[in-house]
Amino acid sequence: MTDARPTRRFAQLALVAMVGLGALTQARPALAQSARDPQAEQFVQTRAQRVITVLADKSESVAQKKATFHQAIDELADVPKITNFVLGKYARTVTPDQRQRFATAFRAYAESVYQNRISDYHGEVLKVTGSIVRKPGDVIVNTTISGGQVGQPLPVAWRVMGGGTSWKVVDVQFKGVWLAITQQQDFVSTIDNAGGNIDVLIGQLQRDAQRPASR
């Protein structure tokens, strides 16, 4: 059997990938440009900044920060849909028990990546720079992240879906790569290499979630 470990290409951004869901259309956001959407922009400004602020907050205990961070992610992202997406073709064949165990393992793994690097966050600031409406309820919000240990402002694009006051992030672009799609490719490759055994990926994620971050 070939190596069944999930790749860690974007481990430092695994939770960002977790908030991605390119599968809603399976289309990479080649954009039909339209007017900006102020409500989608405000959602990203508020919710994504909150996630960054939670990570940088040195006043809370580790347990408090984990709970606050977990809640902030729920407010930002459609976690159940993302969890289904990253399984790719195996989402159609996974058993209910495997789906539940994978969801728990995936979330623990993704959150551990950030929680193991809490000391890296020092007051970074997110700023919305614009948005593009692909179609009603489907918007790309462009931002930069600066401050803290970030040298030059870092461009990050957030794909959000919804409307009114009900939006969720469904994908994130960093360095030109839509991360949910990349995460799906990694996971499907891992399962393929394990002969279609999803439990191999679940076990690997559980072990990775317990490991301290490598630097």
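F106 is buried in this predicted model, because its relative accessible area of 0% falls under the 20% cut-off. F106 lies in helix α5, and so does F102. Four residues, about one turn of the helix, separate the two. F102 is buried too, with a relative accessible area of 0%.

**Ring pairs**

A pair of aromatic rings is described by the distance of the centres and the angle of the planes. The count of aromatic pairs comes to three. Two of them are set out here.

| Pair | Distance of ring centres | Angle of planes | Class |
|---|---|---|---|
| F102 and F106 | 5.6 Å | 5 degrees | stacked |
| F106 and F187 | 5.6 Å | 85 degrees | edge-to-face |

The F102 and F106 planes stand at 5 degrees, under the 30 degrees limit, so this pair is stacked. The F106 and F187 planes stand at 85 degrees, over 60, so this pair is edge-to-face.

Which helix holds F187? F187 lies in helix α6, residues 179–193, while F106 lies in α5. The pair therefore ties together parts that are 81 residues apart in sequence. F187 is buried as well, at 0% relative accessibility. Ring pairs link F102, F106 and F187 into a cluster.

A91 sits in the loop between α4 (79–85) and α5 (96–115). Is A91 buried or exposed? A91 is buried, because its relative accessible area is 13%, under 20%. Leaving aside residues up to four places away in sequence, A91 touches N84 and R99. A91 and I198 are 107 residues apart along the chain, and their C-alpha atoms are separated by 9.9 Å.

Definitions and conventions. Residues numbered from 1 in each chain as written. Predicted model: local features only at pLDDT ≥ 70, side-chain atom pairs only at ≥ 80, totals over all residues. Heavy atoms only, no water. Buried < 20%, exposed > 50% of the residue type's maximum accessible area, 1.4 Å probe, protein only. Contact = heavy atoms within 4.5 Å. Phe/Tyr/Trp six-rings, centres within 6.5 Å; stacked < 30°, edge-to-face > 60°.
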